[in-house]
Every structure is written in C-alpha cells, then in structure tokens.
Amino acid sequence: MTQSLTIRRPDDWHLHLRDGAMLQAVLPETARHFARAIIMPNLVPPVVKGADAAAYRDRILAAMPEGMTFEPLMTLYLTEDTDPEDVAAAHASGLVKAVKLYPAGATTNSSSGVKDFDKVRPVLEKMAEIGLPLCCHGEVTDHDIDIFDREAVFIDRVLDPVRKSTPGLRVVMEHITTADGVDYVKANEADLGATITTHHLIINRNHILVGGIKPHYYCLPVAKREEHRLALVNAATSGDARFFLGTDSAPHTDANKEMACGCAGCFTATNTMSLLAEVFEKAEALDKLEAFTSRNGPGFYRLPVNEDTITLTKGDVVTYPDKIESGDGPVTVFDAGFPLHWHVS
C-alpha cells in the first residue's frame, strides 16, 4: 500500500480570500500548501477594474505571513459596464489572469453581475482576441428553474450560445456539480475546462438535508444527487487535462452560516489536500492526484507547473482544528464525515 506520495506543489484555481480581518485569518490556510490561486473578485464593492485588482493584490501580499510563498492570480468581476480596453490593459500588464462571470443574483455578492449578455459582448470578443479566460459561475437565476437544475439550464441557455457566438473564447466552467457539466466539457475539445471543488467530491444533497439542515455543507452551486457526485469523482480522477482543482473555499463566520438565511460556502482551505488524497485513494487513482491538483490547471492557464513539491504521507488519523478564528468571528472548517489518514508532511 502506498504510504507516501510526492507531487508538484498544487494550485487552487478558484479561491475566496475576502478582505480585512478575514483575509488575515484565512490566507495562511491556503499559502501553507498552495503555490498560486485564482482569487475571486466578489468583494463589496467588487473588483471591476485593473486598478481595483492591483490594490487588492497589494492587500493580499501585505497579509502574507513571513516565511510563506504564495502568488495571488487576480481576476476582474464582469459587469455590464466593464470596459474592454481596461480588461486588455490589465491582462497585458500580467496582473489579471481571468474575468469572472456571475449571473446577477447567483451567489454571494453577485448583485452586480450580468443580466443582459448582449451588453458584455464587446468584452467577451476582446477576451477571445487576447486569450484571456472567462470563469463562469454556471447557474441561471430564473425563479421558475429548480435550484438543482440551474447548472444544466445554464449550459443550454447561456454557456453554449455564448461560446458559439464568440469563437476562440476560452472558458472555465467553475465548480461543476453535475454529470451534465462533466459531459459538456468532455464533448468540447478546445478552449474549455472545468474546476471541481473538494467538497463536491465528498458530499451530495443528502448530507445537507438528511437528519436536519447542515448549514456548513450548504454551498452554491448546491450539492446534487449521488449520481452527480460520482460523475465528478470519475472526472477528477481520470487524468483528463480539462478538469482541475478549484476549491471554491469560501469562509463565512459561524454567525453568518447559522443564521435563519445562512450564507453559501464551504471552507476547505485547511484540509483540502488530506481530503483529496482520501478521495483519490478510494478511487484507486492516487497516481492521478498530481494531474488534478498541480498540472492540469497550469496547462489550461498557460502557466508553468510549479518547480517545488509537497509530500503526502499516510499514517494515523490526522486531526484538524474545527474552527479558524478571525477578527470577524470563528469560521468552521469543512468536516468530511470520515477519518483522514493522509497529511502534508
């Protein structure tokens, strides 16, 4: 039985760091193991211009604990007023690695997102021209569409038409949660990739709802049926270069998660590598873990693979803190519900 595994240092291609006291608290949890991360721009106010991204990057680097190395890869929040030339300049400078599409109202801090896709067509055409990826929160927000169907409907109503009308646009389907998403990626060879989160590889909708509501398993897109979870596991462990890790680790204080209308998001930065090693070992695919965490993402984003490595070791049960303390309040660490035997040594 494999007891030790050394891989290239991983990257996280979808991460929420927040700002202020929360940023100070959660940044070390990612920087401990990950070399780089695509940083989500849904702050209040959102990161919409190149100057906003530069200022946010400076705040992240200022919060970096001494002795840690980590590179934030910045993104811009797409709005109907986004200036294509500002996007192009931010990309040309090396600062911005992607633009994030939130359909208005789809998730946390998404009220500034897109309602009329015709209004963002000039931005998308400029992005296709310069090779800048579009990261999509892939859900429609129509009230008549069941929440468990919103990813599949987004593919048909929004994503496929946008891609067909904008040749050359490079797209990341973020945090896919369905077999529909997996199948769509597999059916398209060029200019399309998908991130899969740690928690969507582990939980299905029963984990959220059976035996009482579990607010710390509530996320958006919401976890789906077991058949969809298994499709995600098969995709992640396949070695297919179109699938790569984006944790969508999203810290909220316990007070905000456990209130009557609780926030969506799972905080997995602390224990993701242990969780993934368990998932991949169970799937008899530990040899594919490096591809998913460390190689496929850089390949899509046209960046070099990290030179340094980490080693995962299997041994006695590993314990992680139940909570991370922040200046805003405690944040609960994702609980897989099963013992973890792998840790970064």
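This is a predicted model: local features need pLDDT of at least 70, side-chain atom pairs count only at pLDDT 80 or more; totals for chains, interfaces and linings use all residues.
Student: Which residue forms a salt bridge with R59, and how far apart are the closest N and O atoms?

Tutor: That's D19, with the closest N and O atoms 2.8 Å apart. The pair links distant parts of the chain: R59 sits in helix α2 (residues 50-62), while D19 is in the loop between β2 (12-15) and α1 (20-31), 40 residues apart. As for cover, R59 is partly exposed, with a relative accessible area of 36%, and D19 is partly exposed too, at 29%.

Student: And which residues are linked with E85 in a network of salt bridges?

Tutor: K126 and E129 are in that network with E85. Take the E85 and K126 salt bridge: its closest N and O atoms are 3.6 Å apart. This pair also links distant parts of the chain, with E85 in helix α3 (residues 84-92) and K126 in helix α4 (residues 121-130), 41 residues apart.

Student: Is K126 buried or exposed?

Tutor: K126 is buried, with a relative accessible area of 17%.

Student: What about K100 and E174: are they buried or exposed?

Tutor: Both K100 and E174 are buried. Their side chains meet in a salt bridge, at 2.7 Å from N to O. K100 lies in strand β5 (residues 96-101) and E174 in strand β7 (residues 171-174), so this pair ties together parts that are 74 residues apart in sequence.

Student: Now for strands. Where do the side chains go in a regular strand?

Tutor: They alternate between the two faces of the sheet. You can follow this in β7: V171 and M173 are on one side, V172 and E174 are on the other, and all are buried, which leaves both faces covered.

Student: In what sense do strand β6 and β7 pair, and over how many bridges?

Tutor: Strand β6 (residues 134-137) pairs with β7 in the parallel sense over four bridges. If you want a spot to look at, find H137, which stands opposite E174 in β7.

Student: How many bridges are there between β7 and β8?

Tutor: Those two pair over three bridges, in the parallel sense.

Student: Why is β8 described as largely enclosed by the rest of the structure?

Tutor: Because five of the five residues of β8 are buried. L192, A194 and I196 point one way from the strand, G193 and T195 point the other way, and all are buried.

Student: What about an antiparallel case? Which residue in β12 stands opposite K323?

Tutor: T332 in β12 stands opposite K323. Strand β11 (residues 323-326) and strand β12 (residues 329-332) pair in the antiparallel sense over four bridges. A hairpin joins β11 to β12 through two residues.

Student: On to the backbone. Where is the peptide bond from V44 to P45, and is it cis or trans?

Tutor: It's cis, with omega near -5°. P45 has its place in the loop between β3 (36-39) and α2. The peptide bond from L220 to P221 is cis as well, with omega near -5°, and P221 is found in the loop between α7 (205-209) and α8 (226-236).

Student: Is phi of D191 positive or negative?

Tutor: Positive: phi of D191 is near 65°, in a residue other than glycine. Look for D191 in the loop between α6 and β8 (192-196). D191 is partly exposed, with a relative accessible area of 29%.

Student: And what is phi of D248 near?

Tutor: Phi of D248 is near 55°, again a positive value in a residue other than glycine. D248 is found in the loop between β9 (243-245) and α9 (254-257). D248 is buried, with a relative accessible area of 6%.

Student: Last one, back at the surface. Which residues gather in a patch of negative charge?

Tutor: D146, D149, D156, D180 and D183 gather there, on the surface. To find one of them, go to helix α6 (residues 179-186), where D183 is found.

Definitions and conventions. Residues are numbered from 1 along each chain as its sequence is written. Side-chain values use heavy atoms; hydrogens and water are left out. Patches are made of residues with over 30% relative accessible area and no salt bridge: like charges are joined within 9 Å, nonpolar side chains (Val, Leu, Ile, Met, Phe, Trp, Tyr) within 5 Å. Accessible areas come from the Shrake-Rupley method with a 1.4 Å probe; for residues, only the protein chains shown count as cover. A salt bridge is a side-chain nitrogen of Lys or Arg within 4 Å of a carboxyl oxygen of Asp or Glu. Lys and Arg count as positive and Asp and Glu as negative; His and the chain ends are not counted. The place of a charge is taken as NZ of Lys, CZ of Arg, CG of Asp or CD of Glu. Two strands pair if DSSP finds at least two bridges between them. Buried means under 20% relative accessible area, exposed over 50%, partly exposed in between (1.4 Å probe, protein chains only).
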